[in-house]
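Open the structure in your viewer and keep the selection tool ready. We will go step by step.

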Amino acid sequence: MAVIARRRFLLGAAAVSWSAAFRARAAAAAQLVVVGAGFAGSGCALALKRRLPGARVRLIESRSRYYTCPMSNEALVGMRNLASLRIARGHLAAAGVEYLDAEVAAIDVVRREVRLEGKGTLGYDRLVVAPGIRFLGSALQGYDAYAAQSMPHAWEAGVQTQQLAQDLAALGNGATVAISVPQGLMRCPPGPYERASLFAWYLSRRRRRCKVLIFDANNHFPRQSEFVQAWSELYPGMIEWIAPQDGGAVTGVDARRGRLFTSSGTHRVALANLIPPQAPGSIAAATGLSTGHGWCPVDPTTFASESHANVHVIGDACIAGAMPKSASAAASQAAQCAAAIAAALTDREPPAADLTSVCFSRLGPERALAIHGRFTVSAGALVSTPATTAASEDSDPASAAAWYRSIRSECFAD
Ligand SMILES: Cc1cc2nc3c(=O)[nH]c(=O)nc-3n(C[C@H](O)[C@H](O)[C@H](O)COP(=O)(O)OP(=O)(O)OC[C@H]3O[C@@H](n4cnc5c(N)ncnc54)[C@H](O)[C@@H]3O)c2cc1C
C-alpha cells in the first residue's frame, strides 16, 4: 500500500511540475499588446516586460509626439518650456518593449486581433487598452472647430498648450480670463485650480487689474479650502470661483465674439480656456468597453474589462472607484494590471490591490499643494484609505519636480 501511495504521490508531483513548467513556457511565449502609450499604457508595457521577460510586448501609439500633461500648466506661464515635457520613446526598445507608431483602428475581441490603420493586424493573448480621453465638445452649444481653437482647452498637452500660452501672453491690462470646468468625471480634478493659480501669478507680475474667473459646473473641488486660502494670500481679489448655482456651468459659447453662456447670462471675456466634458478614448467606446454612463467598468484588482475576456482597461479611460484620473493613478494601475496578467498566465492569484496616487498643484513659484491617495478594494470597488505622506514636505515645489522625474522614468524609461 505504502509503495502504491508513494508512486501516486510521485506521479502527482511530476504532473504538477510538468503543468507548472508548461504554464511557465506558455507565459514566456505570450503575445501581449498594449494600446496607447501614455502613463498607463507605456507604464504597463514596461512592467509586463519586467515580469514576463520572455513574452512579446507590443505598445501601439498613434501620436507621433507625446507631451506630458503633468507640468503643462507650468509651461503655460513660462516656468518651463513645452520641449521639456516631450517623451522620448527610444529607451523602450532597450527595455525589451516593441514600440509601434500606428493607430489602432479596430479591436476584434473574438479573434483576439488588433487592426492597425494601414499596418495590418496583431494577434494577442492579453490586450491592455489605455487610450486616455476624448472630448465631448458637442455637449456645449456652439462649440465647433473654431471654438476648439480659439478657446483652447490645453487638456491634452502639445499644440493647445502652445496656443493657450500665446493667448495668455497677448492679454493686456484689465483683461478677464475664464477657465470653464466641465461637470462630472474628468482628467486631473485639481488641474483647473492649479491653472487658475498660475494664471494669476503670471498676470499679477506683468499686467494690471486682471481677473481670473473659474466657471465651475461642480459644487466643490479638491482641497477647496486650501486653494481658496492660498489665493487670498497670494493673489488677493484676483481669482473668483463661480459655483453652478451662481451660473458656473457653461452651457454654450459664441467663440467668434468671445462669449460664454451660463444660467446667469452672457459673459464676455478676453480669453476663454474652455475644458469640455470628457469620455474614454474612442477605441474603448468602439470596442464596447465603455458603458451607458461613459467610462469603462473593470475588475478593481485585475483591471480586466467587465465586457470582454482577456482585455484590460487602465488609466483615465477606466472606472477606478475613488481613484482620480491622474498620471500617478494610471502608473499604479499599470503596475497592478501587469502583476495580475503575469499571475493569470502562470495560474496564480493576482496580488491584492494597494494602489496610490499623488497630484501636485503649483500655487506659485514657492508653493505647491499635494493631494495623496491610497486605495484598496472593498465590496468590489476601489475605496480610499488614509494616505501616508506628511503634508509638510508637499508644500515644496521641489517635491513636485522630483515626483515628475521619477514617474517619467517609471512609465517611459525616459
Ligand atoms: C493640465 C493637466 C495637469 C495634470 N497634472 C497632473 C499631475 O500633476 N499629476 C498627475 O498624476 N496627473 C496629472 N494630470 C493627469 C494626467 O495627465 C492623466 O491622468 C494621464 O495622462 C492619464 O494617462 P493615460 O495613459 O490614461 O492617458 P494619456 O496620457 O492620454 O495616454 C493615452 C494615449 O493613448 C493614445 N491612443 C488613444 N487611442 C489610440 C488608438 N486608437 N491607437 C493608438 N493610440 C491611441 C493617445 O494618443 C495617448 O497618447 C494632469 C492633466 C492635465 C490636463
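**A tour of strands and a helix**

Start in strand S22: select Thr 385, the bridge partner of Arg 374. Keep in mind that this is a predicted model.

Now select all of S22, residues 381-385. Strand S21 is joined to S22 by 5 bridges, and the two run antiparallel. Look at the turn of this hairpin: 2 residues lie between S21 and S22. Ala 379 sits in that turn, with a positive phi of about 50 degrees.

Next, select strand S20 (354-362) and strand S21 (368-378). They pair in the antiparallel sense, over 9 bridges. Find Arg 362 and look across to S21: Ala 368 stands opposite. S20 and S21 also form a hairpin, this one with 5 residues between the strands.

Move on to helix H11, residues 397-412. H11 has 16 residues. From first C-alpha to last, H11 reaches 22 Å, close to the 22 Å expected at 1.5 Å a residue.

Which residues of H11 are buried? Select Ala 400, Trp 403, Cys 411 and Phe 412. They share the same side of H11, because they cover an arc of only 115 degrees around the axis. An α-helix has 3.6 residues a turn, so residues three or four places apart point the same way.

What covers these buried residues? The cover includes strands S20 and S21, as well as helix H2 (39-51) and helix H10 (327-345).

Turn to the face of H11 directed away from its buried side. Select Ala 398, Ala 402, Arg 405, Ser 406 and Ser 409: these are exposed.

Note on methods
Residues are numbered from 1 along each chain as its sequence is written. This is a predicted model: local features need pLDDT of at least 70, side-chain atom pairs count only at pLDDT 80 or more; totals for chains, interfaces and linings use all residues. Helices (H or I, at least four residues) and strands (E, at least two) are DSSP runs, numbered from the N terminus. The expected span of a helix is 1.5 Å times one less than its number of residues. A residue is buried if 20 or more other C-beta atoms lie within 10 Å of its own, exposed if 12 or fewer, and partly exposed in between; C-beta atoms are placed from the backbone. The arc is that of the directions from the helix axis to the C-beta atoms. Two residues are in contact if their C-beta atoms, placed from the backbone, lie within 7 Å. Two strands pair if DSSP finds at least two bridges between them.
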